[in-house]
Amino acid sequence: MANTKDRVVIFDTTLRDGEQCPGATMTLDEKLAVAELLDGMGVDIIEAGFPIASNGDFEAVSEIARRTKRATVAGLARAIPADIARAGEAVRHAQRGRIHTFVSTSAIHLAHQMRKTQDEVIEIILKTVAQARDLVEDVEWSAMDATRTDIDYLCRCVEAAIRAGATTINLPDTVGYATPQEYGAMFRAVRERVPDADKAIFSVHCHDDLGLAVANSLAGLEGGARQIECTVNGIGERAGNAALEEIVMAIRTRADVMPYDTGIDTTMLTRASKLVSHAANFPVQYNKAIVGRNAFAHESGIHQDGMLKHSETYEIMTPASVGLAKTSLVMGKHSGRAAFKSKLAELGISLSDNQMQDVFERFKDLADRKKHVYDEDIEALVDQNLATAHDRIKLVSLSVIAGTRGPQRATMKIEMDGRTFTEEADGNGPVDAVFNAIHAMVPHDTVLELYQVHAVTEGTDAQAEVSVRLKAGERSVTARGADPDTLVASAKAYLSALNKLSAVSVRLHAQHAAVV
Ligand SMILES: CC(=O)SCCNC(=O)CCNC(=O)[C@H](O)C(C)(C)COP(=O)(O)OP(=O)(O)OC[C@H]1O[C@@H](n2cnc3c(N)ncnc32)[C@H](O)[C@@H]1OP(=O)(O)O
Ligand SMILES: CC(C)C(=O)C(=O)O
Ligand SMILES: [Mg+2]
């Protein structure tokens, strides 16, 4: 069947407008790497920089122009002859080069930025676009602040630009002020009213000051635009530009209402996002659409259950379509049994129903206390659960007073053979106090050979895993305890070691109860 979709040209300005956001300056090598990826990904036009801005920008545009195999390479220029000459020089060696020249058109810009009359600006447009056209075939003209420009004057400017040879007309929402309805209507009006409008491709260029950049860009398409200017991760001046990945995936995912095609290989979007984030030193927010770390992650039990039954219950795109290996079901306090079971299966752990119920309850307790529950946390929970299932001595509660003033004091309750015992003990440090409390309740004759703490995962709320080795006579046992509280982990490890000794019949002298 013939493709009836209109082709939308993707013009990426990550290396120009994207680089204009504070702190995003990229080195030549970084720019070359980004340009190569954009070219491979199917971007139609790469705006590589603003050649008059600096020698570095000139060099970057020239080098990208030389190396780029497929995409058109554009250089930006003000409506000033020297800018246009420099941009022409920079794209001279491109297989396909474009000069992108712009001038303000709104009353506020004319009065305060340009300090020119409307007629003077029309003259400037005619001259500078013609100059650019003498240098290259492909000339884009932009009306800076188009969305705050009087529509009659905007039409006069566009007509002048097309008459002078512009092949693409860009009507930017420079300050991110437009609403989608207004933006679409502006394109319809200009295209209807300018006599030779059909000789040029119309382009959208939207900023995100009101969070409308992508919506406005798509509205521009409805108004007849067929080029979209955007940046990877939406980086750009102030609140940024329309995000390339969001536009491309919106068009692809909602093909039912937007019958357009882009030439983008969407499976490269995640790589592009990572590369640009790294090169521009600009982190991607976690909940960013398409490429944020949570874009394909589910934590809540109901969603996880739905995802396990059928991924389309809660995902409108597949992770593979944007180059992500898989959806992640994040384990946390909102997770349910279905996801927990699936996680255990993924970790190769099989438990009886009773064990599963027990571990699940402990997991929920842990998740209440800890921001991220990692696979290692779950493994530690299961290990602990299995290791302590038949223990004679169990920790019921522990509180410790620690700090600079001393003495450090532990108050501990344990359960032993069905009875509970409580003890309070001081120590030379909180761990010593904990172990003294245990000793008082379960007198025993052992030597502590090893006490070691390490974090199961990262972060200050990570579970501590404590290892304890006790020697009783000729026999040594090592045991572990895990908990976000290092002292609780220490108590668990010590009690676990005593349980192991008890299980191999080493004599423990119970103070309060007959344990032997
Ligand atoms: C909406 C946008 O994103 S526009 C692009 C913005 N990007 C940048 O500005 C990044 C690169 N810029 C630069 O390196 C510098 O600003 C340069 C090299 C372009 C100019 O530097 P300077 O000559 O020192 O000028 P400065 O930046 O102080 O002021 C800008 C001048 O350009 C003029 N100007 C601004 N836009 C245009 C335009 N489209 N056409 C003609 N002149 C313009 C301003 O009126 C001002 O002129 P004035 O000095 O006569 O008042
Ligand atoms: C230079 C132009 C196209 C621009 O970036 C804007 O108007 O936002
Ligand atoms: Mg811009």
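This is a predicted model: local features need pLDDT of at least 70, side-chain atom pairs count only at pLDDT 80 or more; totals for chains, interfaces and linings use all residues.
Local features here need pLDDT of at least 70 and side-chain atom pairs count only at pLDDT 80 or more, while totals for chains, interfaces and linings use all residues. Residues are numbered from 1 along each chain as its sequence is written, and chains are lettered from A and ligands numbered from 1 in the order in which they are written.

An unreviewed UniProt entry puts the feature "binding site" at Asp17, His205, His207 and Asn241. UniProt positions follow the numbering used here, feature names are shortened, and annotations may be inferred rather than shown by experiment. These residues span 225 residues in sequence, yet no two of their C-alpha atoms are more than 10.3 Å apart, so they gather at one spot.

Take Asp17 to begin with. Asp17 sits in the loop between β2 (9-12) and α1 (28-41); helices (H or I, at least four residues) and strands (E, at least two) are DSSP runs, numbered from the N terminus. A residue counts as buried if 20 or more other C-beta atoms, placed from the backbone, lie within 10 Å of its own, as exposed if 12 or fewer do, and as partly exposed in between. Asp17 has 23 other C-beta atoms within 10 Å, so it is buried. Leaving out residues up to four places away in sequence, Asp17 touches Thr231, Gly236, Glu237 and Asn241, where contact means C-beta atoms, placed from the backbone, within 7 Å.

His205 belongs to strand β8 (residues 201-206). With 29 other C-beta atoms within 10 Å, His205 is buried too. Its contacts, again not counting residues up to four places away in sequence, are Ser142, Asn170, Pro172 and Glu229.

Asp17 and His205 turn up again around ligand 2, along with Phe102, Ser142, Met144, Asn170, Pro172, Thr174 and His207. A residue is near a molecule if its C-beta atom, placed from the backbone, lies within 6 Å of it. Strands β6 (138-144) and β7 (168-173) are the elements that give two or more residues to this shell. Sorted by class, the shell around ligand 2 holds three nonpolar, five polar and one charged residues. In this sorting, Ala, Val, Leu, Ile, Met, Phe, Trp, Tyr, Cys and Pro are nonpolar, Asp, Glu, Lys and Arg are charged, and the others, Gly among them, are polar.

Ligand 1 has 16 residues around it, the closest being Phe50, Ala53, Arg78, Ala79 and Val103. Here β5 (97-104) and α4 (107-114) each give two or more residues, and β5 gives the most, with three. The class count around ligand 1 is nine nonpolar, four polar and three charged.

Now for the helices. The 14 residues of α1 should span 20 Å at 1.5 Å a residue, and its end C-alpha atoms are 20 Å apart, which agrees; the expected span is 1.5 Å times one less than the number of residues. Lys31, Val34, Ala35, Leu38 and Met41 are the buried residues of α1. Seen down the axis of α1, they fall within an arc of 125 degrees, so they line one face of the helix; the arc is that of the directions from the helix axis to the C-beta atoms. An α-helix has 3.6 residues a turn, so residues three or four places apart point the same way. The cover over the buried residues of α1 includes β2, β3 (45-49), α2 (55-67) and α10 (269-279).

Helix α6 (residues 151-164) has 14 residues and reaches 20 Å from its first C-alpha to its last. Its buried residues are Leu154, Cys157, Val158, Ala160, Ala161 and Ile162. Just after α6, Gly165 takes a positive phi of about 115 degrees.

Key
Two residues are in contact if their C-beta atoms, placed from the backbone, lie within 7 Å.
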